[in-house]
Amino acid sequence: MMNDLFRPIVTAEAPDKKPALHEPPRCIIKVKDLSAWYGNKIVINDISMGIGKQAITALIGPSGCGKSTFIRCLNRMHEVVEGGRVSGQVLKDGQDIYAPGVDPVDIRRRVGMVFQRASVFPAMSIFNNVASGITLTRFWSRRSDLQDVVERSLRKAALWDEVKDKLDQPGSSLSGGQQQRLCIARAIAIEPEIILMDEPCSALDPISTLKIEELMLEIKKDYTVVIVTHNMQQAARVSDWTGFLLLGELIEYSRTREVFTVPKDKRTEDYITGRFG
Amino acid sequence: MMKKSEQATTLLPGLRHKEAAARPRVGDRIFSKVTLFFALLIVLILAGLLIALNIDAWPAVQKFGLSFLTSVSWDPVREEFGALPAVYGTLLSSLIGLIIAVPVSIGSAVFLSELAPEWLCRPCSFLIEMLAAIPSVIIGLWGLFVMVPFIRNPIEKWLGSSLGFLPFFQGPPFGVGFLSAGIILAIMVIPIITAVSRDVMRAVPITQREAMLALGATRWEMITRAVLPYCRSGLIGAVILGLGRALGETMAVTMVIGNSYNLTPSLFSPGVTIASKVASEFSEASGDLYIGSLIELALVLFGITLLVNIIARLLVWRSISVRGGGE
């Protein structure tokens with residue numbers, strides 16, 4: 001079905017087979033020839049791209065195009081899944097995170113992640129949820145030492161005012177949108193350089209979504225954000241760079257403004273104008 | 001119109017209600033009645049059991065009153081009976097059993113659910129479940145002829161010589177006794193606790209594990225900080241299930257505990273549990289008071305297991321309400 005849809009388009013684009021790719025000037029991550037598999041099934045097919053420092057990069061594309069898998073490759077979470085396998089290079093500050101001898105635990109401390117469904121730890125208080133990442137690296141820590149980091153992280157996640165009086169209540173007592181911001185605060189608390197967000201708003205109402213978008217624009221000053229989203233308006237609103245993925249391939253990657261106003265590839269245009277997806 | 005319908009409802013209350021709901025089929029009604037009968041049957045059996053036990057225990061309850069629970073003598077000749085050593089033995093042997101079984105079971109459950117590759121996990125799980133299916137008389141036989149000699153020498157000898165300053169490890173090493181009973185109980189409850197906790201851990205959502213890993217946790221940290229806290233209530237339930245079995249276990253314990261009416265801190269000493277006392281004496285008991293005392297003993301065991309189950313429920317409820325219905 002999908003193949004039929006694309007055949008005429010592909011032939012129309014045939015003379016210029018190279019995908020329409022541009023790179024941000026200052027890259028914190030450079031992906032080179034990255035491919036990823038689940039068992040024998042290839043889900044990411046030979047993607048190369050650079051991710052701009054202190055910018056928001058959005059990845060859009062229809063379901064099953066490999067966006068989530070792609071960002072999971074950026075902090076070595078793909079290999080956690082059974083049968084997950086990766087080839088190619090992901091250079092962070094010039095160093096391949098897949099080089100032998102690199103500890104994935106170490107990579108994940110510097111490349112944080114927020115998931116689609118808010119995965120608050122229900123057995124921990126709000127305070128301990130935020131502190132859960134920091135206390136991993138310490139044998140023992142006093143609450144007073146953590147207080148500052150917890151407050152700062154919650155403030156950055158725009159949640160402090162709502163929870164400052166109930167830090168000892170369980171994290172699961174919060175609403176869905178608050179839980180997702182709690183997860184963002186938890187990711188910020190370990191002070192990673194990059195935060196990956198895998199459809200962070202897909203289970204949230206518009207107001208919570210708006211809050212999280214504002215939050216992304218806010219934390220962009222200090223962090224690099226990569227966000228996977230189904231919501232094209234969201235990508236257009238918040239991101240600086242946008243990549244369009246289709247069936248495991250990067251079709252177009254450019255400044256958000258250009259992708260949404262003058263897409264170079266017919267398939268991108270079809271997708272963002274809602275002709276399929 | 002309005003008046004008419006009002007009249008109808010006053011004349012035949014509930015009629016409209018009945019008409020509104022579709023009339024259940026005959027088969028459905030029969031089925032519902034039959035299952036109701038079965039459900040009531042269970043309640044009746046339980047009630048009947050309790051009443052019969054109470055009637056038969058009455059002579060002993062009347063004679064000894066509350067002192068039955070605090071008295072340490074068991075003298076059929078002078079007809080003096082007390083339950084304390086049996087209660088003590090029951091609780092002590094179960095406690096030893098749990099102290100050994102809980103770390104082993106939780107550990108193997110963690111291995112099976114989190115670490116083991118698939119090809120190892122299935123046969124391992126199968127074998128552990130097989131262990132639960134071994135009849136207790138066989139475990140008791142093995143315990144008496146193989147385990148007890150080994151416990152007498154070297155285990156009890158070694159414990160006595162190196163930890164002998166503690167009251168638990170004093171006295172001559174008999175082999176049969178509280179320690180052996182506890183170890184036998186551990187072997188018998190390990191499969192239950194392992195199987196239940198493995199299932200409980202498997203039920204922890206993958207998002208919880210990934211969230212912890214994404215924070216830069218090692219696998220050990222993921223297990224201890226995300227998986228185990230998440231399923232804490234289920235683990236408590238698993239342990240209590242094991243405790244329930246340990247408290248009531250009769251045959252294997254009777255074979256290795258030594259059956260001597262003792263109240264001593266020494267784990268090496270022979271003792272009794274409630275179940276072993278009842279099982280080993282009911283056939284020779286004569287006279288209403290002797291039989292009544294044995295039955296009252298059984299009632300005490302019934303009460304203890306009931307209490308344990310209530311505590312377990314409360315613990316599970318509490319930890320669920322702490323979680324507050326999250327995810």
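Reader: What makes A:Gly39 stand out in the hairpin of β2(A) and β3(A)?

Author: In that hairpin, which leaves 2 residues between the strands, A:Gly39 takes a positive phi near 60°. The model is predicted, with local features needing pLDDT of at least 70 and side-chain atom pairs counting only at pLDDT 80 or more, while totals for chains, interfaces and linings use all residues. Residues are numbered from 1 along each chain as its sequence is written, and chains are lettered from A and ligands numbered from 1 in the order in which they are written.

Reader: Why are strand β2 and strand β3 of chain A said to pair?

Author: Two strands pair if DSSP finds at least two bridges between them.

Reader: What makes a stretch count as a helix or a strand, and how many of each does chain A have?

Author: Both are DSSP runs numbered from the N terminus: helices are H or I with at least four residues, strands are E with at least two. By that rule chain A has 11 helices and 11 strands, and chain B has 14 helices and 2 strands.

Reader: Why is helix α2 of chain A called largely enclosed?

Author: A residue is buried if 20 or more other C-beta atoms, placed from the backbone, lie within 10 Å of its own; 12 or fewer makes it exposed, and anything in between partly exposed. In helix α2 (residues 67-74) of chain A, 8 of the 8 residues are buried, so the rest of the structure largely encloses this helix. The buried residues include A:Lys67 and A:Arg72 as well as A:Phe70 and A:Ile71. A:Arg76, which follows α2(A), has a positive phi near 60°. For whole chains, 47% of the 277 residues of chain A count as buried, and 37% of the 327 residues in chain B.

Reader: Why does chain A agree with a compact globule, and what is found for chain B?

Author: The radius of gyration is taken over C-alpha atoms, and the globule rule is 2.2 Å times the number of residues to the power 0.38. For 277 residues a compact globule would come near 19 Å, and chain A has 19 Å, so the two agree. For 327 residues the rule gives a value near 20 Å, but chain B has 27 Å. Along its principal axes, the C-alpha trace of chain B spans about 95 × 65 × 35 Å, and that of chain A about 65 × 45 × 35 Å.

Reader: What describes the packing of α9(B) and α10(B)?

Author: Two packed helices are described by the angle between their axes and the distance between the axes. Axes are lines fitted to C-alpha atoms, for helices over the stretch in contact, with angles from 0 to 180 degrees between N-to-C directions. Those of helix α9 (residues 206-214) and helix α10 (residues 219-230) of chain B come within 9 Å and cross at roughly 145°.

Reader: What makes residues of chain B and chain A count as in contact, and how many are there?

Author: Two residues are in contact if their C-beta atoms, placed from the backbone, lie within 7 Å. On that basis 22 residues of chain B are in contact with 23 residues of chain A. On the chain B side, α9, α10 and α14 (288-323) each supply at least two residues, and α9(B) gives the most, with 6 residues.
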